[in-house]
Amino acid sequence: MTAKLTTHVLDTYHGKPASGVSWTLELEEPGGNWYQISAGLTNEDGRSSEAIISGEAMITGTYRLIFDIASYYSRMGVQLSDPPFLGKVVLQVNLVEGEGYHVPLLCSPWSYSTYRGS
């Protein structure tokens, strides 16, 4: 198995993949500080076009995958509250080097769920 992390976002409000969702991946340092290691946008299928992190770059540790959901729904013309109920969705996960992970996000303007996919 190749060490990697991938993701995709499904828009459960519209019933389709969420393209153009901004995501950021951060790693927690031993002192508790976070630093960004990658960022991008979901493609037309709502997926990361490539692995977000892979190979030797993926070390065992605590990561945060942050999705800008409010900007996506605003761009889609959805009337959001002010401030939006969900601004950014933060998924904090523990990854182990050498493992493969797929972390999907299913979301609407008011809810989300996730799981470890394959």
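The model is predicted, so local features need pLDDT of at least 70 and side-chain atom pairs count only at pLDDT 80 or more, while totals for chains, interfaces and linings use all residues. Residues are numbered from 1 along each chain as its sequence is written, and side-chain values use heavy atoms, with hydrogens and water left out.

Strand 1 covers residues 4-11. Strands here are DSSP runs of E with at least two residues, numbered from the N terminus. Six of the eight residues of strand 1 are buried, so the strand is largely enclosed by the rest of the structure. Buried means under 20% relative accessible area, exposed means over 50%, and partly exposed is in between, with a 1.4 Å probe and protein chains only.

Strand 1 pairs with other strands, where pairing requires that DSSP finds at least two bridges between the two. With strand 8 (residues 100-107) the pairing is parallel and has eight bridges; Leu10 has Leu106 as its bridge partner in strand 8. Strand 5 (residues 53-54) runs antiparallel to strand 1 and is joined to it by two bridges, with Lys4 opposite Ser54. Strand 2 (residues 16-17) is also antiparallel to strand 1, again with two bridges, and here Asp11 stands opposite Lys16. Strands 1 and 2 form a hairpin with four residues between them, and Gly15 in the turn has a positive phi of about 70°.

Ser19 and Asn43 are 24 residues apart in sequence, yet their C-alpha atoms are 5.1 Å apart. Leaving out residues up to four places away in sequence, Ser19 touches Thr42, Asn43, Glu44, Gly46, Tyr72 and Arg75; contact means heavy atoms within 4.5 Å.

The structure holds two salt bridges, each defined as a side-chain nitrogen of Lys or Arg within 4 Å of a carboxyl oxygen of Asp or Glu. In one, the side chains of Arg64 and Glu26 meet at 2.6 Å, N to O. Arg64 lies in strand 6 (residues 61-68) and Glu26 in strand 3, so this pair ties together parts that are 38 residues apart in sequence. Arg64 is partly exposed at 21%, whereas Glu26 is buried at 14%.

Arg116 forms a salt bridge with Glu99, with the closest N and O atoms 3.6 Å apart. Arg116 is in the segment after strand 9 (112-114), and Glu99 is in the loop between strand 7 (88-95) and strand 8, 17 residues apart. Glu99 is partly exposed, with a relative accessible area of 32%.
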